Amino acid sequence: MVMVKVIEVAKLPEKAPVPVAVGTKALLVVKDGDKIYVADGICPHGRWLLSLGTYRDGHLTCKGHGTVYNLETGEGELKGYKYYIRTYEAVIKDGAVYVEI
Ligand code: FES
């Protein structure tokens, strides 16, 4: 596991999903007030970019087919089926977001 820089906090819009590539990894970042969510950025259901989706109250709805992910737990649900994305603890240091990958 290594701590990697994801993005400067100042570059994050409020309550809007942002795609960030870290190495070969596609991540999703959402800032909601003091809370910053970081999760895998690809939907396991049909491989859509989750940053194209809609954020609301700690949840991200995938634009592909509507799976709703809890960004705290990574658990998603679509028509009774469960899908999971990895979530990361966001560490803020010197004005930037870091995660352990
Ligand atoms: S690709 Fe995300 S819900 Fe189908």
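Residues are numbered from 1 along each chain as its sequence is written. Because the model is predicted, local features were required to have pLDDT of at least 70 and side-chain atom pairs pLDDT 80 or more, whereas totals for chains, interfaces and linings use all residues; side-chain values rest on heavy atoms, with hydrogens and water left out.

An unreviewed UniProt entry carries the annotation "domain: Rieske" for residues 4-99; UniProt positions are given in the numbering used here, feature names are shortened, and annotations may be inferred rather than shown by experiment. The span is 0% helix and 52% strand, and its end C-alpha atoms lie 6 Å apart. Helices (H or I, at least four residues) and strands (E, at least two) are DSSP runs, numbered from the N terminus.

Three strands, in the order β1-β12-β11, make up an open sheet with antiparallel pairing, where pairing requires at least two DSSP bridges between two strands. β1 and β11 (91-93) are the edge strands, each pairing on one side only. On average, neighbouring strands of this sheet are turned by 35° against each other, direction ignored; axes are lines fitted to C-alpha atoms, for helices over the stretch in contact, and angles run from 0 to 180 degrees between N-to-C directions. Within the sheet, β11 and β12 run antiparallel and are joined by 3 bridges, and Ile-92 has Val-97 in β12 as its bridge partner.

Antiparallel pairing over 5 bridges also links β2 and β3. These two strands form a hairpin with 2 residues between them, and Gly-23 in the turn adopts a positive phi of about 60°. Val-22 is placed opposite Lys-25 in β3. In a regular strand the side chains alternate between the two faces of the sheet. Accordingly, the covered face of β2 presents Val-18, Val-20 and Val-22, and the uncovered face Pro-19 and Ala-21.

The largest nonpolar core comprises 14 residues, and those with the most contacts inside it are Val-6, Ile-7, Leu-12, Val-20, Val-29, Val-38 and Val-97. At least two residues of this core come from each of β1 (3-8), β2 (18-22), β3 (25-32), β4 (35-40) and β12 (96-100). A second, separate core of 12 residues includes Ala-39, Leu-60, Tyr-69 and Ile-85. A nonpolar core is a set of buried Ala, Val, Leu, Ile, Met, Phe, Trp, Tyr and Cys residues joined through side-chain atoms within 4.5 Å; buried means under 20% relative accessible area, exposed over 50%, and partly exposed in between (1.4 Å probe, protein chains only). Beyond four places in sequence, Val-6 touches Val-20, Val-22, Leu-27, Val-29, Val-97, Tyr-98 and Val-99, contact being defined as heavy atoms within 4.5 Å.

Ser-51 is found in the loop between β4 and β5 (54-56) and is buried, with a relative accessible area of 14%. Leaving aside neighbours within four places in sequence, Ser-51 contacts Pro-17, Val-18, Pro-19, Leu-28 and Gly-41.

The whole structure contains 1 aromatic pair. Tyr-37 and Tyr-55 form this tilted pair, at 6.1 Å centre to centre and 45° between the planes; rings of Phe, Tyr and Trp (its six-membered ring) pair if their centres lie within 6.5 Å, with planes under 30 degrees apart counted as stacked, over 60 as edge-to-face and the rest as tilted. Because Tyr-37 lies in strand β4 and Tyr-55 in strand β5, the pair ties together parts that are 18 residues apart in sequence. Tyr-37 counts as buried at 11% relative accessibility, as does Tyr-55 at 9%.
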